[in-house]
Every structure is written in structure tokens, then in C-alpha cells.
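These are my notebook entries on a single chain. I set down what I looked up, entry by entry.

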Amino acid sequence: MKPDIIVVGSGFGGSVLASRLVDAGMSVVVLERGPWRDTVAVRAGGIEKRKPLPRTGGMLSVLRSLRPPKGPKKGIRLNKYGYLEMWIGDGIKVPCTSNVGGGSHIWAALLERAPQGFWDDRATGLGDETLSPHYDRVERELKGIRPRDASTVPNHTDGAWSNESCFAPLGDGEQPLLGILFPGPDGNLAAITDESGIVREPLDFNRDNGMFGSPGASKSTVDALFLLPALGRGLTVRDMHEVRRVSAGKAGGWTVEARDLRSGRNVTLAAPKLAVCAGTMNTNALLLASRDTGGLTGLPALGKGLGANGDLIGKWPVEDRDTTIGPPSFGRVKIRGHEDSPYVILARGETPPLPGFLYNGARRKAGRSVEIVAMSQDAADGRIWSENGRIRFAFDLGGSPSYAATMQAMDAVSEASGRPVAYPNSEVLTAHPAGGCRISDDPNEGVVDGGGRAHDHPGLYVADASVFPQPVGVPPSLSIAAWSSHVADRIVRNH
Ligand SMILES: Cc1cc2nc3c(=O)[nH]c(=O)nc-3n(C[C@H](O)[C@H](O)[C@H](O)COP(=O)(O)OP(=O)(O)OC[C@H]3O[C@@H](n4cnc5c(N)ncnc54)[C@H](O)[C@@H]3O)c2cc1C
């Protein structure tokens, strides 16, 4: 039987959307190219086919695929169960994850709202007020909290970094919420079951729970918090299904062609509605490839306005502390003299997932520096396009005044601390790409309207950061989840 809607991708966008639509009584199939990951929550949820998070398997357990500007047009696949895909463009590199739960396994669980006014005057029927109840709801669902007592959280910026003269104090409410299950006052790390039946272990500050995932499920991930409960309400999730092409049916509706990566077979599904939530890079790539082969037409703004969220990562040596201890992100800081921009967080020293005999040395090395991760609203003047069947993309940080300001802020840290911050100054590595399917009432400027509907393609929706008319300049996932919740609302109203 045909589902009411097919959802491509199961990150923040896809999982929130699928869960909302199932709640509204729709039949929903999620197609996700990655596997379910073996976490305490997923195991307890009864999912049998699971693949481990990358822990000790070296780079091959990490790297799924490469999308270089040269070589095979569709990229190079190294390990179909791998965790990360690396997109390499002109002036920009983007890591994208491949999991049921998408980037919620890699994230540092910082929950931040978009700057005030971000959603206003973008399109009819959209504004901060429209999105506000959705932010409130997803913030609760992602279990955003402040640690009860930050002084008990190793390396937390609300205390542990206050003797650094380069940082200015944060105002009330400026420290973002964290989607993390912290241990209680007794420090007990035994698993607990929450009100929805999800099993999670509190965060062990001494173990790696950062970018290579959280085996105890102490980080909030959307596979556990949205998909597992929705399975019990009728949701179908087909993992290891990579969507290769989507096309509009002549009599309406959508056809989706996918590859079952386990069996190697091609699969075709159809539904009246389709939501593409494959993350900025893969959503643009899928829509461009589908247009190249006649599955879509028009969409003149597709690929315009690619931004990097002003991301700039600096490595800063530290003295007398171990940065491999604590939560995945230590929290927000403000750089003295640069308090208004960029938005800055400190991220733990990540130990690469190496075999045991190499691990300890790598961890000691990782613990001697901290990452200063800066974000800002860049000019979003990059683009993504298709050239003879190859997806190309480009972004020049020189076009964004916000990047020049961020580099000055990094230099201010070097100067005040006497310890130089090393950062790239000609190329961007961004964890937060945005744009290409921007929101606008004008089809020449944007791909979707204020309800996430693609222009001139009835039944096609987009729910991820590719719709952002400009980068949020802060951690974006809460905004992606809120947008997705809003789009679900519109789909249900029209259903
Ligand atoms: C190290 C790191 C730390 C981060 N920390 C934070 C943080 O603290 N706070 C924050 O807000 N954000 C953080 N982020 C960013 C966050 O991970 C992303 O914003 C978020 O995951 C994007 O959500 P999404 O739903 O748009 O896409 P994704 O989460 O990337 O989900 C897209 C899904 O679609 C699947 N997919 C792609 N193509 C196909 C296809 N053709 N067929 C089927 N499935 C497909 C992918 O496998 C993936 O699972 C971090 C990112 C990194 C790299």
C-alpha cells in the first residue's frame, strides 16, 4: 500500500517531520542511507540490525564516502556503514553524517535559537511568532537543560575557564541549553528509562561522547527521541536505503528511486507527498540530480545562496588541564572586545577512534588543546550546481565581512593569552552548511515557500537547513527541528 508521504533522511529535519506526521495519523515511510547505530537506547528499543559507532576501527570505520571535485562523478564509497561523508568543494569542505538519526550522533548537543527576527519578512505566513511554539516544543523534546550545578561539570565554561582574561562574562540566559542526560548528585551512571520508555545512561565525563557518538545514549539523538517512539505508532524506517532520484508523476504524486545498500537491489516507491530532509548538501545534490534527469523541472533558484554559518575552527593550546574530560562542548564563551560577534563555543579535545595501542597516546595529545568554534551570519554567497552529472559547490570566505571579524577575534585570544590560536584563513570547514533551497515567495529567489512547499511542484517539501534564507550564525539544529515541526503542521493542515 502506498504511504501518504515518503521522507528522505532521518536527521533533525526528517525525524521531527516523520514523528509529527505519524502522530497526525498519516502513514509515513522514512528512507535513510545510513544504519541504526548501536546505542543503549536503540538496543533497548528492539532494533536488531545495528552498526557500532566508530570507536576503535580507525579512519575506515569513520569514512563512508568522499565527494571530491575530481574522480568518479558520484564520489567514492569506502564503507557503506561508515559514519561520515566528506564533501570537498571550491574553498569549502563539509562533513555529513550517515546514520539513522543523522547528525544528532555527531552533534555536541548545544541548543540555540536563531537570532531575533530571523524568520520575519522571509515569506508569507512565516515569522518569529509562527516558529516560536515550535522552538518551545522541540527544545523540550530534545531535552534541553542547564546543568544543575555547572561547577560539577568538568571544563564547563560557566566556571572552569573564567580565569582566562581573553573571555568576557556571559549575561543571564546566554549559555545555551544542552541536550544531555547529566548524572544526578550521587553521580550514579546506571541507565534510566524516561517517560516515553527510552533507555539512556547519564553522561560519563571521563569517556568519549563527542563527535564519534554516545554509545550510552547520553546525548539527545533524534533516532532515540523521535523515531523509536514513532515506530510504535506505525512509522516505517528503512535504513540503508539511499535515494538516488525523485520524480513528479504525470497525474500528481511522487516516485522515489532508491538503492537498498544491504542487498544491492534497486527499490521504487510512490506516494502523494515527498519530503526531502537529507541535509543541506545531499538535499541540493538529490534535487539537482533529479532535475538533470527530468524528474523535476524549473526551480531556477536551486543551489543559490550557499553559506557556511560563518564557521571557523581554531585550535588553542591549553596549560594544566585535560580537555578530553567533560561534555562534548564545554559551552559558550564571549571573546573580550568581540562580545557581539562571533558566537563562540569551546569544544573538547577529540580522540580519534584508533585501536587500543594507539588510543592512549592520541588521547593525551588531544587533551592538550581545545577547539574554539566560531559561528556568524556569513554572506551566504556560495552556490551548489551540477556540471555534466557531477555536483560542484563553492564558497569564498573572503566575501563575508563576518569572517574577517571572526579572525580578528581569534587573534585577540592569541594576544591576550600568549598562546596562538591556529585557524585556517583561506578555506572553510563547516559543520553547518545552509542554503540552496531558500525560503522565498519568489521562485527566482527561493525554492520553497513559507510552509516548506517547493514552488510549482505540488506535494514536494524540504525540511532541513538548505531552506535557510541566510545562515543562523549559531548552532542550527534547534532551528532545523523547529522549521520541520512547522512544515509538518502545514502538511497536516492540507492533508
Ligand atoms: C562535530 C559536529 C558538532 C555539531 N554540534 C552541534 C551542536 O552542538 N548543535 C547544533 O545545533 N548543531 C550541531 N552540529 C550540526 C548538526 O549536526 C546539523 O545541523 C544537523 O545534523 C543537520 O540536520 P539535518 O536534519 O538537516 O541533516 P542531517 O542530520 O545531516 O540528516 C540528514 C540525513 O539524511 C541522510 N541522507 C543523505 N542523503 C540521503 C539519500 N540520498 N538517501 C537517504 N538518506 C540520505 C543522511 O545519512 C543523514 O542521516 C554539529 C555538527 C558537527 C559535524
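**Entry 1: a residue in a loop**

I began with L203, which counts as buried because it has 25 C-beta neighbours inside 10 Å. The threshold for that class is 20 or more other C-beta atoms within this distance. The model I am reading is a predicted one. I located L203 in the loop between β13 (199-200) and α5 (222-231). Setting aside neighbours within four places in sequence, I listed its contacts as I180, L181, F182, P183, N209, S218 and P327.

**Entry 2: the chain as a whole**

I then turned to the overall figures. The chain holds 9 helices and 28 strands. Its radius of gyration is 21 Å, close to the 23 Å that the globule rule gives for 495 residues, so the chain is as compact as a globular protein of that length. I noted a C-alpha trace spanning about 65 × 50 × 45 Å along the principal axes. Of the 495 residues, 52% count as buried. Among contacts with a separation of 6 or more, 70% come from residues 24 or more positions apart.

**Entry 3: the parallel sheet**

I looked up an open sheet of 5 strands and recorded the order β14-β2-β1-β18-β28, with parallel pairing. Its edge strands are β14 (236-238) and β28 (460-462), each of which pairs on one side only. Neighbouring strands of this sheet are turned against each other by 20° on average, direction ignored.

Within the sheet I examined β1 (residues 5-8) and β18 (residues 273-276), which run parallel and are joined by 4 bridges. I6 has L274 in β18 as its bridge partner. Helix α1 (residues 12-23) lies across β1, β2 (28-31) and β18, and runs at about 165° to β2.

**Entry 4: the mixed sheet**

I recorded another open sheet of 5 strands, in the order β6-β5-β7-β8-β26, and its pairing is mixed. β6 (76-77) and β26 (428-429) stand at the edges with a single partner strand each, so one side of each is left without a neighbour in the sheet. For β26 I checked the pairing with β8 (residues 92-97): the strands run parallel and share 2 bridges. Here I92 stands opposite V428 in β26.

**Entry 5: the pairings of β19**

Strand β19 (residues 304-307) is joined by 2 bridges to β24 (residues 382-387), and the two run antiparallel. I found G382 in β24 as the bridge partner of L306. β19 also pairs with β27 (residues 434-436) in the antiparallel sense, over 2 bridges. In that pairing G307 stands opposite A434.

I asked which residues of α8 are buried. They are S402, Y403, T406, A409, M410 and V413. They cover an arc of only 115° around the axis, which puts them on the same side of α8. The face turned away from that buried side carries the exposed residues P401 and A404. I noted that the cover over the buried residues includes β20 (312-317), β21 (329-335) and β23 (369-375).

Helix α8 (residues 401-417) has 17 residues and reaches 25 Å from first C-alpha to last, close to the 24 Å expected. The helix is followed by G418, whose phi is positive, near 75°.

For α9 (residues 477-494) I recorded 18 residues and a reach of 26 Å, close to the expected 26 Å. This helix is mostly covered, with 13 of its 18 residues buried.

**Entry 6: backbone details in loops**

I looked up two residues other than glycine with positive phi. K143, with phi near 60°, lies in the loop between α4 (128-141) and β10 (167-168). K143 counts as partly exposed because it has 19 C-beta neighbours inside 10 Å. D320 has a phi of about 55° and lies in the loop between β20 and β21. D320 is exposed, with 4 other C-beta atoms within 10 Å.

Last, I noted that the peptide bond from S341 to P342 is cis, with omega near 5°. P342 is placed in the loop between β21 and β22 (343-347).

Definitions and conventions
Residues are numbered from 1 along each chain as its sequence is written. This is a predicted model: local features need pLDDT of at least 70, side-chain atom pairs count only at pLDDT 80 or more; totals for chains, interfaces and linings use all residues. The expected span of a helix is 1.5 Å times one less than its number of residues. A residue is buried if 20 or more other C-beta atoms lie within 10 Å of its own, exposed if 12 or fewer, and partly exposed in between; C-beta atoms are placed from the backbone. The arc is that of the directions from the helix axis to the C-beta atoms. Two residues are in contact if their C-beta atoms, placed from the backbone, lie within 7 Å. Two strands pair if DSSP finds at least two bridges between them. Axes are lines fitted to C-alpha atoms, for helices over the stretch in contact, and angles run from 0 to 180 degrees between N-to-C directions. The radius of gyration is taken over C-alpha atoms; the globule rule is 2.2 Å times the number of residues to the power 0.38.
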